[in-house]
Amino acid sequence: MSKKSGTISYRCNKCGYTQPRWLGRCPECGEWNSLEEIIIDKNAVTPAGRGSEAVEKQKPVKLQSVSAQENSRLITGISEFDRVLGGGAAKRSAILLGGEPGIGKSTLLLQTASSIATQNTAKKDNILYISGEESAAQIKERAERLNLDCKNINILCTSRLEDSLDALDSLNPDFVIIDSIQTIYSAEAGIIPGTVNQLKYCANEFVSWVKERDSVLIMTAHVTKEGAIAGPKSLEHLVDTVISFERNTDDIRFLHAQKNRFGSVDEIGIFSMSEKGLEPVIDPTSLFLTKRKENQPAGVACTPVFEGSRVFLVEIQALTVPAKASISRIYSEKIDSGRVARVAAVIEKRCGICFSDQDIYVNVAGGIKLSESAIDAALAAALYSARTDIAIKNGTAVFGELSLAGEIRPVTKTKQRIKAAESLGFTQILSPSDDTTAGISDIKTLIKTIFR
């Protein structure tokens, strides 16, 4: 008679003898107090292997008795990728990488796999690349084109979940790539890949596997037209880190974390696409500034912004034109349109410049998205310059938070911002209440100081 799934039995931790009730002494080996409670579960997934019926019953333990993991991060060797991950990929973690088609997700992960395989040459079979979209020949061709070392990289081209799990169990790799999770399917959840049930079921199987081993799992995912990761929102809750891969109109790629249980979400990684693949931009301080031989045009203001631990000098561009309809509109992708409307309303109220009959266009040179409040003062200067058609003097940088009362409020890390601006040749740096700069207390003082 077969045992009922979910029943409790007792197993000796010395010899493995199992019986239905607890005894003080094991009848098989004679060891005292060695019988432990286990659960009979035919669908169990255990660290020893999938499909084991006997699973140890989990019991609570004192948090103080748990030892923290040492060397708990896997360094990828790609500086900008490690920066976004928080100093490397945490072991026993699952990472979800989303980006539009053709942006370079597969290229980035293949370069990462090659870098890790080169660092850890002592262990063979330490990388497993599971591809459900490309053939092995296509991946090998890309590796040769990028001149990558792929000696310790194992490739598996399949869409079946069962084949992938069998390969994981046999190789037990340190680094696993699933490209992409939308192409993986299991007969247990149907035969059509990409459905909600398939995504949740397959992702949960991969995450369960990596949580029991000192490995790192990265899954790529498709994105919608709005740029969000396609599929159920629960997919993002299953993983530890969600990374977005974006690009501007040029060859610059931006990598930033939307969720990170093991690091900050403020860091941003910057890559440039070349014939050799994705190359980290080591010093992006002046990457977002437009180089001009002549004076800058009206509607342009420069400001230092913090992204994680680094300061960038960025150029905010504004344009105002008479509204073509009875209602004015704001067109802004890189800065929240609500922030633009608020800053324009403060200028209109405190300085008497009308924006209610104007269509407002706002852009950031280089395509980087800005969200911190320190850009308010520069945005106000750019809007005023665009509306009056008076250009801001070259070498001027401004930062500060703008309140509804028209006050320019202090922001964090003022000294670092000023130092970064001075290193790039800015001679007039306007910030609120700072002894080393021309202090500006409100929007009127800002306008008078910049435009005389």
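How many nonpolar, polar and charged residues are in the lining of the largest pocket? I looked this up and counted seven nonpolar, seven polar and ten charged residues.

**Ground rules**

I am working on a predicted model, in which local features need pLDDT of at least 70, side-chain atom pairs count only at pLDDT 80 or more, and totals for chains, interfaces and linings use all residues. Residues are numbered from 1 along each chain as its sequence is written, and side-chain values use heavy atoms, with hydrogens and water left out.

For the classes, I took Ala, Val, Leu, Ile, Met, Phe, Trp, Tyr, Cys and Pro as nonpolar, Asp, Glu, Lys and Arg as charged, and the others, Gly among them, as polar. Helices (H or I, at least four residues) and strands (E, at least two) are DSSP runs, numbered from the N terminus.

**Entry: pockets**

I used a 1 Å grid over the protein atoms alone: a pocket is an open set of points with protein on both sides within 12 Å along at least five of seven lines, a cavity is a set where a 1.4 Å probe fits but cannot get out, and lining residues have an atom within 4 Å of a point. Points are joined across faces, edges and corners, and a volume is the space filled by probe spheres set on the points.

The largest pocket has a volume of about 470 Å³. It is lined by 24 residues, and the closest to its centre are Glu226, Gly227, Ser244, Glu246 and Lys369. I find at least two lining residues from each of strand 9 (93-99), strand 14 (241-247) and strand 15 (252-260). Strand 14 supplies the largest share, six residues.

The second largest pocket holds about 390 Å³ of space. Of its 22 lining residues, His256, Glu307, Lys369, Leu370 and Ser371 are the closest to the centre. Strand 15 and strand 18 (300-307) each supply at least two residues of this lining. Strand 15 gives the most, with three residues. By class I noted eight nonpolar, four polar and ten charged residues.

**Entry: cavity**

I searched the whole structure for cavities of 30 Å³ or more and found one. The largest cavity has a volume of about 30 Å³. Its lining is made up of Arg73, Leu85, Gly88, Ala89, Ala90, Ser93, Ile95, Thr241, Asn260 and Phe262. Strand 8 (89-90) and strand 9 each supply at least two of the lining residues. I class the lining of the largest cavity as five nonpolar, four polar and one charged.

I looked at strand 10 (residues 127-131) and strand 11 (residues 153-157), which run parallel and are joined by five bridges; strands pair if DSSP finds at least two bridges between them. The chain goes from strand 10 through helix 3 (residues 136-145) to strand 11, a right-handed β-α-β crossover. Right-handed here means that, with the strands pointing away from the viewer, the path from the first strand over the helix to the second runs clockwise. Leu128 stands opposite Asn154 in strand 11.

**Entry: aromatic pairs**

I count rings of Phe, Tyr and Trp (its six-membered ring) as paired if their centres lie within 6.5 Å, with planes under 30 degrees apart stacked, over 60 edge-to-face and the rest tilted. The search of the whole structure gives five aromatic pairs.

Phe245 and Phe271 form an edge-to-face pair, 6.4 Å centre to centre with 90° between the planes. Phe245 sits in strand 14 and Phe271 in strand 16 (residues 268-274), 26 residues apart. Both Phe245 and Phe271 are buried, where buried means under 20% relative accessible area, exposed over 50% and partly exposed in between (1.4 Å probe, protein chains only).

Phe288 and Phe312 are also edge-to-face, at 5.7 Å centre to centre and 70° between the planes. Phe288 lies in the loop between strand 17 (277-280) and strand 18, and Phe312 in strand 19 (residues 310-322), 24 residues apart. Phe288 is buried because its relative accessible area is 2%. Phe312 counts as buried at 0% relative accessibility. I also find Phe254, Phe288 and Phe312 in one aromatic cluster.

**Entry: two single residues**

Is Leu235 buried or exposed? Leu235 lies in helix 6 (residues 234-238) and counts as buried, because its relative accessibility is 1%. Its C-alpha atom is 9.3 Å from that of Val196, 39 residues apart along the chain.

Ala187 is in the loop between strand 12 (175-179) and helix 5 (196-211). Ala187 counts as exposed because its relative accessibility is 61%.
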